[in-house]
Amino acid sequence: MYTQPLNKVTLALEQWINAVVTSKYNPLYYHGALPQFFLWVLFLSGLLLFAYYVPTIDNAYSAEKLINAYTTVEYITHIPFGATIRGIHRYAGDAMVIAILLHMLRVWFTDRYRQYRIVQWLSGIVLLLLVLFIGQTGYYLVWDERSLALTRMTAKSFDVLPIIGEPLKWWFLNGQEITNYTLSNFLFIHIGLSFSLLFGLWIHYVRMQRPVLTPPPVIQFMLFALLSILLLWYPVTSGSMATLTQQPTAFEVDWFFLWPYWLMTQMNLQAYWLTIVTGVIVLCMLPYFVHTKEVEAAEVVTKKCTGCSLCSRDCPYAAIEMVPAPAGSRFKLLATVKSYRCSGCGVCVGACAFDAIDLPNLLDTDLTAKITASAKG
Amino acid sequence: MSKVLWAITILILSTVCVGVVVFMPLAELGLLNSPNSVPLESSTWLQFTGIQNLVKFGRISLLTLTHGMQESPNFQYYAYFFFLGIALMLASVALIVIGHEEPQEKTVLPRKK
Amino acid sequence: MSDESTTKIITLVCERSLDLRAHVNNLGQLKDLPDVEIVKFPCSGMIQPLMVEAALKSGASGVIVCGCQLGDCYYREGNRMIRERLLGQRPPGLRKTVDRRRVVALWLSRPQAARFISEAKEFIELVSQLDKPGTDVNQSTKPSIDNH
């Protein structure tokens, strides 16, 4: 598996980056932490935007002083640093999608997505779909012509779904048609689902000891610097305000979030849903296409285990649990292996000074004997 | 020899960092938009002409780079973030240079305490 | 192997890091440097400090531990673990009596076999310097006297 060409390409690329910045600062070694970093940037900038946002489609107060979603976004754009915070929020979202794709490709290329990592892979797919949907709701919130077009396209696409289509549309629009409630629903989805990302991330991380959540400061600086410099070249824009009586026909497409809408324009809606669902299923099935022999989980030698919990602390997959030792034991605790989590890497063997844990297919006593034999020559 | 080079590198990098940090509040105040309003000549305790030229240079190059942006009322805020980005870039390059010393591919065990 | 080779080096290597297949003979020795014996592990994290001690005690002049590039362990943390164990930052560590000069750790990725061979040559050089004063190889594992 680790000799596959894709892995070689990845290694060659990383080798090259290592030569420039050393492995300590290689962003590819923090690929999982990059989306997480952008998530914090999005949370912070989103909080600032939320302070000004009024989620209504029409005049909330009086006809002369129009205050609605669109005008609040306009207002934000004109206050000091408002436009830049908007830009950061938008481009951090794009960057997050790029980072997630990078993360996904790297774990795929280096064969780190199967077997004992299946929970991470599946929860990762759910997280990716969530992020895409949250990003799309972000585009609805601006409430310019594009938002209106996107909202209508989404509602229309729900129409073709059997059984769940109607309730989904009702939930999406928060009623039969686009009203003020629709936008408050969009705001809720945008923010509420963002927080549910944290729950998804917990599942994503739960099978890992010490997940790498933050890239080193150098990489954080670099990423934020790239965002800030990008702002100047591509300042965020919005179209003219949405008017419910008109149907906008063309709009700019953000290729990271809005590609499904491009897809919708290329085929009929049944085919669109078929493509999306098939794509997700293929992604979910990807780990099962490759056949490899099963992992042989580490085994604890119950008689030798002293309950020191070193193996449990060092296991990268949180696969060793310390349980109370059986009655009659001299020690308080006993290590037990959750075999469904075990990767068979043997870090626990390296952690054990009492020879009390073994990989059944590769005994450390055999290895030591081999080492001693070669040393004696 | 290498230590002298090292010191010079650090000195240059830190000067650049400080320079950029000085730039940032200028951008924030919107002074990059109108360098003439920067009260540089009035300062008696330091000759600022060099910095003023730098400000002018920065403004002109920014405007050339971002054709059309000068119309935006938010130009100074974008400029602020631009310089913030440059500063962060330089800071990270400096950190990489400093952190580079540690060997990453070889670990020699330390001998006794 | 033969009597004149006093600098026997044991290399404990993660099978996912270096690709030494082109450089190793049937006996598990490097073709260019037959004094270097290769023992493969599924992950460098599996290497016990006890194994390093065992190698030195049974007559090896030095031990090279080799894992993937730091930050790129297939099993997430194995190379960091063995690094910290060798440095005494994570239990279990090496015994105090082990001569630290005779152990070196390299963190190299698959295509870096050439780098490994040059490092190994350098290490052999260094270790053979250590071997010179004493005639008995086993003495080298107890260098605590000259360290005080």
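Q: Among contacts in chain A between residues at least 6 apart in sequence, what percentage join residues at least 24 apart?
A: The model is predicted, with local features needing pLDDT of at least 70 and side-chain atom pairs pLDDT 80 or more, while totals for chains, interfaces and linings use all residues. Residues are numbered from 1 along each chain as its sequence is written, and chains are lettered from A in the order in which they are written. Two residues are in contact if their C-beta atoms, placed from the backbone, lie within 7 Å. Of the contacts in chain A between residues at least 6 apart in sequence, the share joining residues at least 24 apart is 72%.

Q: What percentage of the residues in chain A are buried?
A: A buried residue has 20 or more other C-beta atoms within 10 Å of its own, with C-beta atoms placed from the backbone. Chain A has 377 residues, and the buried part is 37%.

Q: Which helix gives the largest share of the side of chain A that touches chain B?
A: Here 22 residues of chain A are in contact with 20 residues of chain B. Helices are DSSP runs of H or I with at least four residues, strands are runs of E with at least two, and both are numbered from the N terminus. Two or more residues each come from H4 (82–109) and H9 (217–233) of chain A. The largest share, 11 residues, is given by H9(A).

Q: Which helix gives the largest share of the side of chain A that touches chain C?
A: In this interface 33 residues of chain A are in contact with 36 residues of chain C. The elements giving two or more residues on the chain A side are H1 (5–21), H12 (310–314), H13 (347–351) and H14 (364–376). The largest share, nine residues, belongs to H14(A).

Q: Which strands are the edge strands of the open sheet of five strands?
A: The order is E1(B)-E4(C)-E3(C)-E1(C)-E2(C), with mixed pairing; two strands pair if DSSP finds at least two bridges between them. An edge strand pairs on one side only, which holds for E1 (106–108) of chain B and E2 (36–41) of chain C. The edge strands are thus E1(B) and E2(C).

Q: What is the bridge partner of C:Thr11 in E3(C)?
A: Strands E1 (residues 9–14) and E3 (residues 62–67) of chain C pair in the parallel sense over five bridges. In E3(C), C:Thr11 has as its bridge partner C:Ile64.

Technical notes
A residue is buried if 20 or more other C-beta atoms lie within 10 Å of its own, exposed if 12 or fewer, and partly exposed in between; C-beta atoms are placed from the backbone.
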